[in-house]
Each structure stands twice: as C-alpha cells, then as structure tokens.
Amino acid sequence: MRNETTIILNNSQVADDIFRMTVKTKSIPQPGQFFMIKGLYGDYLLPRPISVHDYDDGKLVFLYRVNGHGTKMFSEMKQESAIQLLGPLGNGFDYESFQGKTAIIGGGIGVAPLLYLVKKLDSKNTDVFLGFKDEVYAVDDFIRTGATVKVATEDGRAGEKGYVTDLIDYSKYKTVITCGPEVMMKKIIKSCIEKKINVLASLEERMACGVGACLGCVTKTIHGNKRVCKDGPIFDGRDLII
Amino acid sequence: MANISVDFLGINFKNPIVAASGTFGFGEEYHEIYDVGLLGGISSKGLTLKEKQGNEGIRLWETPMGLMNSIGLQNPGVESFIAAEIPKMKKHKNIIIANLGGNTLEDYLEGIRLLNHSGVDIIELNISCPNVKAGGMAFGIKAEVAYEIVKKTKQASKKPLMVKLSPNAENMTDMALACEAAGADALSLINTLNAMAIDIYRRKPVFNNIYAGLSGPAIKPIALRMVHQAAKAVKIPICGIGGISSGKDAIEFMMAGATLVQIGTANFVKADIIPDIIEEIQIFLDKEGIRDIKEIIGII
Ligand SMILES: Cc1cc2nc3c(=O)[nH]c(=O)nc-3n(C[C@H](O)[C@H](O)[C@H](O)COP(=O)(O)OP(=O)(O)OC[C@H]3O[C@@H](n4cnc5c(N)ncnc54)[C@H](O)[C@@H]3O)c2cc1C
Ligand SMILES: Cc1cc2nc3c(=O)[nH]c(=O)nc-3n(C[C@H](O)[C@H](O)[C@H](O)COP(=O)(O)O)c2cc1C
Ligand code: FES
C-alpha cells in the first residue's frame with residue numbers, strides 16, 4: 001500500500017454521468033480492491049473510494065459515476081493532471097478459491113469492480129449478469145473477456161426488460177458475486193443463503209482514512225462491527241446482518 | 001539543522017508531532033504506508049474501561065473543509081489495549097499517549113488504575129464524553145465539573161495526566177485554569193466542535209445522535225484562538241490540536257503557545273502527511289535561521 005502522486009492518462013465520458021479514467025501506477029492491485037483518490041486541486045477535503053475496474057501493466061482504470069461534488073471534480077480533470085492515489089486498499093476477491101460455476105451480478109455502477117475479476121476467472125465457468133436502469137456501459141468490455149454476458153435494463157432499451165435478478169437460475173452456480181444497489185444485493189444474498197450457495201458481496205460505506213484507522217466505515221456482521229475499508233469491501237454474504 | 005526535539009512533561013519527543021486520538025488507530029495501519037516510528041508520539045484511539053461497539057447509523061459526513069464524525073468511541077477496552085496494542089506500539093519506539101474516556105468517575109478511575117501498570121507514557125483524559133450522572137452533559141462543559149474529575153483522576157494516576165479540553169467548554173480560560181488548579185500536568189486542545197447536518201431529502205438529521213463532532217481545516221482558526229487563550233492562562237504545557245494540515249499550521253500553534261501539536265483529520269486528506277509536516281517544520285526553521293524550535297513556543 002502506498003500514497004502516490006501520479007498522472008491521468010485518460011479521462012473520458014462513456015455514458016450519461018459515467019466516466020472512465022486511466023491512471024499510471026506503481027501499485028499492483030487485486031480484483032475487488034479500491035483506491036482512495038483525489039485530485040491535487042479542488043475544494044473538497046477527503047479522497048473518494050473508487051474500485052479497481054481494470055488493471056494492466058502499470059495502467060489502472062476506474063469507472064465512476066458523477067454522484068456529488070467530488071466525483072464531479074474528477075470528471076473535469078484533464079489528461080496529464082496530477083492525482084493522488086492511496087492503495088491498493090481492502091481485501092479484494094480471493095478468486096483462486098472459487099469453485100465450480102460462478103455467477104457475477106452487477107447493478108449500475110456496481111459493475112465497476114467486477115470487470116477485472118471476470119478477467120481473472122475461467123471464462124467457460126463464468127456467467128456475467130449486468131443490470132442497468134436505462135443506458136448501459138462497460139458491457140462490451142465484459143463480453144471481450146469471453147464469459148457469457150446477460151444484460152437487463154429497467155426500461156428495456158438493451159437486453160431483457162426488467163431486473164437483472166430475474167435472469168438468474170441460482171441452481172446452476174456454486175458461487176455468486178455481487179456488487180450494486182443495496183436492495184439488489186440483499187435480495188441476491190437472501191436467495192443464495194436459502195439455496196446454500198456461496199455468496200460474496202462488495203459493500204460501500206462512507207470513508208475517511210480508507211486504511212482501517214478511523215472506524216468510520218463499519219458494517220454489522222455476525223462477528224461484530226467490521227471495517228469495510230480494511231476487513232472488506234468484499235464480505236461473505238452469510239456474515240452480514242441484513 | 002535546527003533542533004526540532006522538545007521536552008514535554010520530562011519526556012523527550014524527537015519532534016513535536018503527535019497523531020491525534022481516533023484518527024490513527026494504534027498506528028499499525030499507517031505503518032503500512034510509512035515508518036510511524038518517525039512521529040513524536042501517538043495518541044491512541046479513545047479507550048473506555050470496557051470494549052465499545054460505537055454508534056449506529058452514519059458515522060462520517062464531509063463538510064466544506066471539515067469532517068463531522070460520530071464514531072461513538074468504538075474501541076477494544078483498556079485491558080485489551082494494554083495486552084494487544086502497547087507491545088506493537090513499543091516496537092515502533094513511539095511515545096504512547098493513552099486517550100481515556102468514560103461516562104462515570106468510576107470508569108475513569110478504574111481505567112487509570114489499569115493504565116498505571118502499563119507501558120504508556122502519558123494519559124490523555126478525554127473529558128468531552130457525556131457524564132451519565134449529570135443527564136449526559138459532557139464533563140468538559142462546566143469548569144467545576146471538570147475540576148472534580150481532573151482532581152480525582154490525577155490523585156489516582158501514576159502517569160503524567162494531560163487533560164484534553166472540549167471547545168464546547170463554557171469559557172476556555174476558566175476551563176484551563178480549573179484543570180491546572182485540579183492538578184493536570186498538561187492540557188491538549190481542542191477536541192471536535194459540536195455540530196449538525198440535516199439530510200433534506202429524508203427530512204432527518206444525518207446522524208442518529210443528531211449532533212456530531214466537527215474537525216479539520218474548518219476549525220483551525222477557532223482551535224488556534226483557544227490554544228492561545230489557554231496558553232496565556234496557565235503555566236502547564238499545552239498540546240495544540242485542530243485542523244493542523246501543514247508545517248506552517250503547526251508553527252502557528254507553537255507560536256500561540258503549544259509545545260506539541262496533534263494531527264488528526266489531515267491524515268485522511270493525505271495518508272503520509274505527517275512526514276511532510278515534519279519536513280516542512282524543519283525547512284521553515286532552517287530558512288528562518290531559528291536554531292531551536294523551543295525559541296518559537298508561545299512568542300505570540
Ligand atoms: C469501496 C468502495 C468502492 C467504490 N467504488 C466505486 C467505483 O468504482 N465507481 C463509482 O462510481 N463509485 C464507487 N464508490 C462510490 C463512491 O466512492 C462515491 O460515489 C463517492 O465517494 C461520492 O463522492 P462525491 O463527492 O461525488 O459525493 P458527495 O455526496 O458530495 O460526497 C460527500 C461525502 O460522502 C461520501 N460518499 C457519498 N456517497 C458515497 C457512497 N456511495 N459510498 C461511499 N462514500 C460516499 C464521499 O466520499 C464524500 O466523503 C465506491 C465506494 C466504496 C466505499
Ligand atoms: C474520526 C475521528 C475520531 C475521533 N476520535 C476521538 C477519540 O476517540 N478521542 C478523542 O479524544 N478525540 C477523538 N477525535 C478528535 C481528534 O483527536 C481531534 O481532537 C479533532 O479531530 C481535532 O483535530 P483535527 O482537526 O486535526 O482532526 C476524533 C476525531 C475524528 C475525526
Ligand atoms: S474509512 Fe477509516 S476505518 Fe474505514
């Protein structure tokens with residue numbers, strides 16, 4: 001883990017409010033990990049947690065949604081501008097231990113941490129389900145991994161019309177991985193627990209330190225409060241109190 | 001090169017920079033980023049006699065150049081701190097300040113008795129905690145209440161006692177004087193300012209406890225004024241805290257009367273800011289031709 005000041009190689013819009021930023025880094029991240037990132041200038045105080053979307057040979061890619069002020073400032077940063085990266089942070093996915101067929105389920109910007117994971121998995125054993133409200137993004141990148149990809153949109157403009165959770169036949173899978181809106185993840189975790197399938201979820205909490213020191217980002221688990229930034233962001237669904 | 005070491009309560013700090021309670025854990029996490037052995041000292045996460053799980057709901061909220069928190073003193077308890085954390089902190093050769101909170105006099109006294117036999121160097125008494133016997137008003141609001149708790153804890157303490165003052169005190173000068181009269185060996189200030197945020201979409205306060213503590217650059221000018229007031233009033237040494245984010249900020253607090261300073265929220269802004277701050281202090285002194293940092297303490 002290191003705090004490095006590096007430069008933006010590319011920062012471009014890929015959909016409404018969705019941007020893709022590539023930065024140079026000396027760090028070698030694992031799928032599911034994240035960085036606390038902040039431009040060197042800008043009138044906001046704390047770095048923002050953003051997941052590893054993709055990584056290749058010193059180039060790190062973030063996929064982010066303009067949410068509030070900080071991410072708005074990110075979207076305005078130009079190529080070559082300096083950026084501060086703290087990371088890689090968090091536990092990441094222990095993907096080498098995944099067994100049997102795996103379903104990867106992402107909702108909205110929750111697809112961000114899943115691409116680099118899918119790249120590390122055996123594409124023949126991996127089915128990807130991506131759900132969006134209306135406009136879709138990153139879908140082609142998932143298709144290029146060779147995994148089977150199914151898409152659902154709430155307004156039906158791409159893929160199936162409806163919720164991504166309705167596309168899944170859980171009985172086919174040994175492991176389910178999910179990241180997305182809380183309601184979606186809760187539904188998936190409940191279904192998996194009922195059907196005795198392993199389920200891992202990538203959680204979000206407000207963060208300050210990002211390294212486990214401030215105890216600002218805790219989530220309740222059956223083992224007590226756990227820090228999303230340090231003990232997570234990937235949790236076993238069975239441990240979560242939902 | 002100018003000397004930047006200072007003496008505080010008979011303890012030599014290799015530089016005046018201490019990590020602030022609650023923002024640095026027990027140092028382990030930041031040691032993954034840089035050698036925390038280069039700090040003057042570390043003030044532990046706020047400890048209570050028994051383990052605490054802390055508050056429910058949102059715990060952090062960013063404000064313009066500030067941060068509000070409502071962690072609720074989540075901590076492993078004094079005994080576990082002594083058994084599990086002190087040995088690790090000793091390895092980094094840090095001066096260890098145990099930050100102790102409580103909701104009753106008995107809790108504070110029992111915590112102190114345990115810490116008396118531990119390897120901590122200083123006890124920092126956090127009197128911003130609600131006093132359950134006084135309807136939850138913090139110990140650190142009224143000078144008379146603070147006087148009582150400081151007097152009794154000082155009598156029980158075999159370690160130097162630094163009392164951490166709340167900016168919510170009715171009158172900072174009176175508060176500083178009361179703590180000194182009660183036997184405090186040193187003062188640290190300020191803790192967070194009582195503050196509020198409302199989620200207008202949910203039409204509810206952001207925090208379950210309604211109010212939360214404000215820290216960061218936004219509070220620095222207030223903290224500086226309070227350190228100056230306290231330093232003018234008392235003879236015991238002072239550790240300045242509140243929004244310090246650069247070497248220049250630290251120098252300001254020292255000129256206002258602080259011998260040591262603590263860095264809190266700034267650690268979140270840049271995880272390795274403390275080494276930068278120490279370097280900036282050194283550069284400032286060398287450029288200004290000041291041979292020893294002690295020359296600037298309390299010059300304002
Ligand atoms: C581990 C982790 C990984 C993430 N990965 C991604 C990603 O890859 N792509 C992406 O678009 N978003 C991601 N997020 C969410 C992203 O961090 C927030 O959208 C962002 O912090 C919002 O900042 P803002 O200034 O735009 O919003 P504001 O609302 O102005 O932010 C105010 C404060 O609240 C915090 N905050 C607000 N919303 C969130 C949130 N949903 N989660 C955490 N903190 C929040 C901010 O960090 C900031 O401190 C991730 C969050 C976490 C915890
Ligand atoms: C997340 C967080 C947790 C804190 N926890 C404690 C605590 O346990 N005990 C304490 O005395 N002060 C605590 N504080 C207050 C800080 O030690 C410090 O007094 C305050 O934040 C002002 O300094 P700063 O502006 O440099 O952060 C906490 C502050 C923050 C931001
Ligand atoms: S953000 Fe500080 S502990 Fe997780």
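Asp17(A) is partly exposed, with a relative accessible area of 43%. The model is predicted. Asp17(A) sits in a loop of chain A, between strand S1 (2-15) and strand S2 (18-24). Beyond its neighbours within four places in sequence, Asp17(A) is in contact with Tyr64(A), Arg65(A) and Val66(A). Lys172(A) lies 155 residues from Asp17(A) in sequence. The C-alpha atoms of Asp17(A) and Lys172(A) are 35 Å apart in space.

The ligand site comes next. Ligand 1 is surrounded by 20 residues. The closest are Pro49(A), Gly68(A), Gly70(A), Thr71(A) and Arg206(A). The site is shared between chains, because residues from both A and B surround ligand 1. On the chain A side, a polar backbone atom of Gly68(A) is 2.7 Å from an oxygen atom of ligand 1. Glu204(A) places a polar side-chain atom 2.8 Å from a nitrogen atom of the ligand. On the chain B side, a polar side-chain atom of Glu62(B) lies 2.9 Å from an oxygen atom of ligand 1. Taken alone, ligand 1 exposes 830 Å². The protein buries 86% of that area. Three elements of chain A give two or more residues to the shell around ligand 1: strand S4 (48-51), strand S6 (59-65) and helix H1 (69-75). S4(A) gives the most, with 4 residues.

In chain B, Ser166(B) occupies the loop between strand S9 (161-164) and helix H5 (172-181). Its relative accessibility is 3%, so Ser166(B) counts as buried; the cut-off for that class is under 20%. A polar atom of the Ser166(B) side chain lies 3.0 Å from the backbone nitrogen of Asn168(B). Residues up to four places away in sequence aside, Ser166(B) touches Ser128(B), Gly140(B), Met172(B) and Asn191(B).

Ile210(B) belongs to the loop between strand S13 (204-205) and strand S14 (211-215). Ile210(B) counts as partly exposed because its relative accessibility is 37%.

Methods: Residues are numbered from 1 along each chain as its sequence is written. Chains are lettered from A and ligands numbered from 1 in the order in which they are written. This is a predicted model: local features need pLDDT of at least 70, side-chain atom pairs count only at pLDDT 80 or more; totals for chains, interfaces and linings use all residues. Side-chain values use heavy atoms; hydrogens and water are left out. Buried means under 20% relative accessible area, exposed over 50%, partly exposed in between (1.4 Å probe, protein chains only). A polar contact is a pair of N or O atoms within 3.5 Å; within protein, one must be able to donate a hydrogen and the other to accept it, and residues adjacent in sequence count only if both atoms are side-chain atoms. Contact means heavy atoms within 4.5 Å. A residue is near a molecule or strand if one of its heavy atoms lies within 4 Å of it. Accessible areas come from the Shrake-Rupley method with a 1.4 Å probe; for residues, only the protein chains shown count as cover.
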